[in-house]
Every structure is written in structure tokens, then in C-alpha cells.
Amino acid sequence: MQSSTEGKGVIAMETDRLVDDYLRRLEAAAAHLGRPRRAELVLEIREHIETALREEDAASEAAVRNVLERLGPPEEIVEAVEIPPEETRAGTRRLETAAIVALLVPFLGWLVGAALVMLSRAWSAREKLVGLALLVLALVIPAVGFVIGSSDGVSEPVRVGAPDEPTTSTGDVEVAFMFLVFAIGLPSAVYFAWRLRRETATAA
Amino acid sequence: MEPGDARKTLSQLRRGTVEFCVLALLRDGERYGFELVRELSDVDGLVTSEGTIYPLLSRLRKEELVTTFWQESESGPPRRYYRLTAAGTRALADFTAEWARFRASVDAILDGRKGSDRHGD
């Protein structure tokens with residue numbers, strides 16, 4: 001297939017494509033690692049490939065395939081990355097737990113939870129975006145519904161738990177409202193907890 | 001035992017011991033990453049895929065068993081060299097002693113020499 005008469009550019013393009021594909025797979029497999037760790041790993045593997053090909057002195061497609069095969073599947077390389085215990089267990093895991101619990105507490109808790117999520121390094125930027133978007137969505141959708149629903153009588157909506165409320169219907173509304181308020185942080189907290197479990201599972 | 005189980009055990013054993021092989025290779029002087037990786041993978045049955053050594057090297061660095069420095073190379077870009085630290089030397093010495101005991105014990109049991117060894121044969 002690749003005779004010497006074939007243009008050198010074609011071979012170079014094919015080998016570049018193989019290397020690029022490999023590094024992309026590595027990057028994808030390492031998505032759950034923190035950015036510095038991922039960048040370091042990809043850089044080291046890239047350097048390895050370049051050094052290996054320089055030693056081969058002919059970067060033929062076969063040479064590239066051999067180098068990549070000796071490196072092993074990118075997924076296997078990422079599996080060998082051990083997240084240090086202080087990052088997954090005692091240390092930052094406490095921060096992550098605090099963040100998830102805080103997200104379940106209305107108002108001030110959401111703010112604190114969001115801040116802790118941003119501080120944590122256990123979730124990727126993408127996971128943070130998705131998780132916090134869930135919170136904002138859960139906040140906006142019922143708020144819009146509430147505004148539309150109570151457009152006729154604008155009363156103080158944050159007055160929670162008044163036991164001596166005379167009319168039962170208003171009390172029911174308030175109980176439902178309370179449940180709703182507590183449920184707002186739930187999707188986000190569940191999402192973050194799920195991603196955290198995945199992270200520790202891969203690290204183990 | 002299923003053959004799969006033996007494979008799994010061996011892969012865990014390999015995981016735990018390869019890091020000391022890295023330290024041992026550095027005993028005689030500094031080496032750069034690629035060199036280390038190729039030397040380890042050229043030994044039969046030690047490393048299944050070369051790429052997995054890089055995460056190991058970065059862990060050894062974080063644990064301060066090795067230090068790294070960059071050095072110019074005649075062919076190509078600068079290389080990252082690895083050098084054993086004092087802690088690395090100690091860890092290697094500890095492992096070497098324990099490994100000799102461990103290997104002797106396992107060999108003795110596998111060969112069925114357990115009883116005779118015990119009685120100081």
C-alpha cells in the first residue's frame with residue numbers, strides 16, 4: 001500500500017492522523033481527571049511518541065502503529081492514574097460532601113454549595129457547569145410558575161411555617177411551597193453526588 | 001482458581017512492584033522518561049503497556065521518591081530526567097529486603113518446601 005513512490009505528504013498525514021486520534025482518545029479517557037493532571041499525561045505521552053519515532057528514524061505508518069501499540073490503549077493508561085488518597089478521601093472529599101449537603105439547604109445553602117463546588121477539584125469544569133445549571137433551572141422554572149400562579153395576589157411568599165394561619169388552603173400552599181423550595185437543590189445535589197461516586201470508583 | 005484470577009492477582013502484583021523496579025533502574029544514575037519506559041518494557045512480563053508507566057512516574061515524583069529536571073538533548077527537544085531522592089533510596093532498600101523474604105517464602109510454599117524450611121533445613 002505505501003510504496004515509496006507514494007507522496008511523502010500522504011504518509012505524514014496518515015501518521016499524524018493516527019497520533020492525533022490516539023491523543024484524542026487519551027484526552028477523552030482522562031476527562032474525569034483534573035485539568036493539570038490530564039494535561040501532564042497527554043504531554044508526556046505525546047513526548048514519548050515523538051521520541052520513539054525519532055529513534056525509529058523513519059516515521060512510517062507501521063512505525064507509528066508499533067509505537068502506539070506498545071503504549072497500550074489510552075483507557076488503560078488512564079486507569080493507571082491513581083488519584084492520591086488525600087484528594088479522594090479525607091481531604092477534599094469532605095469539601096465535596098459539604099457542597100452537596102449545602103445544595104440541599106434553600107437560599108443561603110445554594111450559594112454556599114455553589115461556592116464550594118467551584119472550589120472543589122473533584123469535578124471537571126463541565127460537570128460544575130451542568131450541576132449548577134441544574135440548580136439554576138430548578139430555581140427558575142418553579143419561580144416562573146409561582147409568579148404566574150400568584151399573579152393576582154402578590155403576598156409575601158417567603159413567610160414559611162406559620163402555624164396559626166387561619167385558612168387551611170393557604171397552609172397547604174405553604175407546605176407545598178416548602179417542599180418545592182427544598183426540592184430545588186435536589187437534582188443538582190444528586191448529580192454532583194453521582195459524578196463524585198463515579199470519580200472515586202475510577203480512582204480505586 | 002480460575003486462570004482469570006491468577007491474571008488479576010499478577011497484574012496487581014505487577015502494579016505494586018514496578019514502581020520499585022523504576023527506583024532500582026535509577027539507582028545507578030539518572031535516566032529520562034522514555035529510556036526508563038523502554039528499559040522496563042524490554043524486560044519480559046513486567047509491563048503490559050508502556051503508557052501506564054507515565055502515571056507511575058508522576059506518582060513517584062509526587063511522593064518525592066524521585067525528582068525531575070530538564071536537560072537539553074542533542075537530538076530534539078529537552079528531556080525530563082528522573083533522579084532518586086534520599087527517600088527513594090530508603091524505600092528501595094526497604095523493599096529489596098522485604099521482597100527477598102517474600103519471594104523466598106512464596107517460592108518455598110509453591111515448591112512444597114514449607115515444612116523443611118521451618119525446621120531450619
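Helices here are DSSP runs of H or I at least four residues long, and strands are runs of E at least two long, both numbered from the N terminus. The model is predicted.

**Chain A**

Start by selecting chain A and colouring it by secondary structure. From the N terminus on, its elements run α-α-α-α-α-α-α-α-α-α, which is 10 helices and zero strands. Of its 204 residues, 36% count as buried. Chain A exposes about 12400 Å², with carbon and sulfur atoms supplying 65% of that area. Among its contacts with a separation of 6 or more, 68% join residues 24 or more positions apart.

**Helix 8 of chain A**

Next select residues 125-149 of chain A, which form helix 8. Now show the side chains of A:E127, A:K128, A:G131, A:L132, A:L135 and A:A138, which are buried. An α-helix has 3.6 residues a turn, so residues three or four places apart point the same way.

**The contact between the chains**

Show both chains and select the residues where they touch: 20 from chain A and 24 from chain B. On the chain A side, A:E44, A:H48 and A:R70 lose the most area to chain B, together 32% of what that side buries. The area buried between the two chains is about 1900 Å², and carbon and sulfur atoms give 49% of it.

One of the salt bridges to pick out is A:R70 with B:E50, whose closest N and O atoms are 2.9 Å apart. Helix 2 (35-56), helix 3 (61-71) and helix 4 (74-79) of chain A each supply at least two residues of the side that touches chain B. The largest share of that side, 11 residues, comes from helix 2 of chain A.

**B:R38**

Is B:R38 buried or exposed? B:R38 is buried, because its relative accessible area is 15% and the cut-off is under 20%. Beyond its neighbours within four places in sequence, B:R38 is in contact with A:H48, A:A52, A:R70 and B:E50. Two of these, A:R70 and B:E50, form the salt bridge already shown.

**B:P78**

Finish at B:P78, in the loop between strand 2 (66-71) and strand 3 (79-84) of chain B. B:P78 is partly exposed, with a relative accessible area of 38%. Leaving aside neighbours within four places in sequence, B:P78 is in contact with B:W70, B:Q71, B:E72 and B:S73.

Conventions: Residues are numbered from 1 along each chain as its sequence is written. Chains are lettered from A and ligands numbered from 1 in the order in which they are written. This is a predicted model: local features need pLDDT of at least 70, side-chain atom pairs count only at pLDDT 80 or more; totals for chains, interfaces and linings use all residues. Side-chain values use heavy atoms; hydrogens and water are left out. The expected span of a helix is 1.5 Å times one less than its number of residues. Buried means under 20% relative accessible area, exposed over 50%, partly exposed in between (1.4 Å probe, protein chains only). Contact means heavy atoms within 4.5 Å. Accessible areas come from the Shrake-Rupley method with a 1.4 Å probe; for residues, only the protein chains shown count as cover. Buried area is the accessible area (1.4 Å probe) that two parts lose on being put together, summed over both. A salt bridge is a side-chain nitrogen of Lys or Arg within 4 Å of a carboxyl oxygen of Asp or Glu.
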